[in-house]
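Please consult the display below while reading.

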Amino acid sequence: MTSSTFAFALILAPSLPAAALPASGAVDLVPMSHGAVFAQQDSATVHAAARRAQENFEAFREGNLIPQTRPRGAGGGCDEVVGRFCLTSSGMDDEAEFPPPPEEPVGIGLARSELLRDLAGFHEQIPGDAWILGQRVYYLLERRAFREAQALAEGCVLAETWWCDALLGYALHEAGRWVEAEAAFALAIDAMPAEVRREWLHPGALLDRDGRNWFDGLPGDEQARVRGLLRLLSDPLYFVDGNDRWTAHLSRLVLLRLLEDSANPFSLQWGQDLEEILLRFGWAQRWERARGQAMPRGLQDTRSMVGILDPAWRDFVPPGQILSEFPRVQDGEWWIGEGRPRTGHLAAYAPRFRMLESQIARFRRDDELLVVVAWDVPEEAPRRVTARTGADDDPFRSRFPTAEESAPPPGASLPTDLKGGLFLIPLGEEGSVHAPVVESAGTSGVLTARVPNRDQVASYETWSEYEGRAWRVRRGLPELPLADGSLQLSDPILLRDEEELPESLDEALDRVLPSVRVQPGETFVVAWEVYGVQEGRPAQVSIGIERSEQSLLRRLGEFFRVLEPPAPVVIRWEEGDPEEPGTVFRSIYLTLPELDDGNYDLFLEVGVAGEPPAVARRRIRVRPPN
């Protein structure tokens, strides 16, 4: 049964009836001697001996783990069933404590070392055996011997050179060297057979059902564009060079080839359920045995090997609806960490990863965009992130401070090394290294940037390397069309309620709210700019609000320039003849009616007689006060 702690650990445990599980118990592992007498034996005999050694180790691992009692989630059942496995959540609270797995018994570590020595001897006999080489890399990385695994992959002499590069990419990814891992994987993809390349490049299990159906219906050139967009959007933090989510996916594809043809700790035959779990959530980092517990649907789990993934993973892959509508995705429409994730990934440089409250808006300046960003990092209790334990070359051992180093100042609620930056990345430029167009150092503020007027990704990020914490907001920033004789609108922007309304965007900047979260009954200011205003043409203005679930029909109406009257209309009025043609700034007080909690679209329509209105909208989140 596969169980998962979505906020802290994914637990994998078979859910087959006891009768369907292989018998378990302590199994003596008798390793072959390193450099055994295989010189006179053929490669098939050596290969078979290597497989027996690997099977014996996994049996030894299973039989020598101390049974533990681990909760299977708040409800005691499955949050999701995948074939023979059950995913169980212990909750989504980042501050919740989940019992850590016990340390691996010393005997298992010694047995792994013996296995590695035996595999090295077998490999000397048949250096062109891809399976033996792959197992050596796998178990070295399980032991966190990163340099040794990398050196082994670099010395690969297989006929399929692409598999050598893929193993190297896997080793580099696990070592936290994501830029180099991407380069190795790129070589592998270029050299692999066309059928394998198609399989590797298809998003597959990364996408939800709607996303897969939409992707599969696209023509080939459009699929290539969407793959690049998916890769760009899935990158957890642009502040960190390399795309660790992308190299994690490719590493899981390497693991799939390594694991599907070898013994596993579950003592189960490989199947589509294990493949799906691996590609969505990765493979276990630690193992334990759970004591027998009654399971859903009348099943009885008497052995239950449990695999535990890295803690604090997040679903960085955008859902199909976000991907298909990008770049028309606004603030508050894409939130990681809400609901039950479909995929999981740990950003090792920021195990505590949250969404950031912010507001981003576009305004036209000649043929460029003026982008306005407001943000506010929530105050939280400081927490030190300690280095992982492992081999001396563990890349994360020195990434975070040790327990002996000085703690944050008394009373500090945010890390002192917090840095922030606005990334504006044109679509189609999904490289592995990006630079912010403007940087900031505070926990809140408003900044502006002028950039080319084209479709792009906007990502405002704040990151503390010291504490391993990050906050992020990511959305689309579509091109704002130039006026062609018809009216055009900027994004509406929300401002603080003050005694007087601002008369220009410059006056409004220090009042921009750092969030699109509002409360029922709250009064705030909505401001916007209108472009293409002409003398002698009075305009009709409407502001309305609707549930976000209704927005798809409205978007279609906007696309075809056919709009139903907004309902309900908060306010409607007629603008007189403008004092000056061109660009007009407007603002208005707005009091939010008593609405149920949820996501709403605030939409603005401005039109003149005989023409369809210009439409702009902003997603808001109606929430009661904390």
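Which residue in β17 stands opposite Val457? In this predicted model, Gly476 of β17 is the residue facing Val457. The two strands concerned, β16 (residues 456-464) and β17 (residues 469-477), are paired in the antiparallel sense over nine bridges.

Both strands belong to an open sheet of five strands, arranged in the order β10-β17-β16-β13-β14 with mixed pairing. At its edges lie β10 (352-355) and β14 (438-440), each of which pairs on one side only. On average, neighbouring strands of the sheet are turned by 20° against each other, direction ignored.

Helix α7 and helix α10 pack at an angle of about 130°, and their axes are 11 Å apart. That angle makes α7 oblique to α10, and the crossing of the two helices is right-handed. The table lists the residues through which they meet.

| Helix | Residue range | Residues in the contact |
|---|---|---|
| α7 | residues 194-201 | Val196, Trp200 and Leu201 |
| α10 | residues 244-259 | Trp246, His249, Leu250, Leu253, Val254 and Arg257 |

By class, the residues of this contact between α7 and α10 comprise seven nonpolar, one polar and one charged.

Gln150 lies in helix α4 (residues 146-154). Is Gln150 buried or exposed? Gln150 counts as buried because its relative accessibility is 13%, and buried means under 20%. Leaving aside residues up to four places away in sequence, Gln150 touches Leu168, Ala171, Leu172 and Arg177.

Technical notes
Residues numbered from 1 in each chain as written. Predicted model: local features only at pLDDT ≥ 70, side-chain atom pairs only at ≥ 80, totals over all residues. Heavy atoms only, no water. Pairing = 2+ DSSP bridges. Helix = DSSP H or I, 4+ residues; strand = E, 2+ residues; numbered from the N terminus. Axes fitted to C-alpha atoms, helices over the stretch in contact; angles between N-to-C directions. Buried < 20%, exposed > 50% of the residue type's maximum accessible area, 1.4 Å probe, protein only. Contact = heavy atoms within 4.5 Å. Parallel < 35°, antiparallel > 145°, perpendicular 65-115°, else oblique. Left-handed = near helix turned anticlockwise from the far one by under 90°. Nonpolar A, V, L, I, M, F, W, Y, C, P; charged D, E, K, R; others polar.
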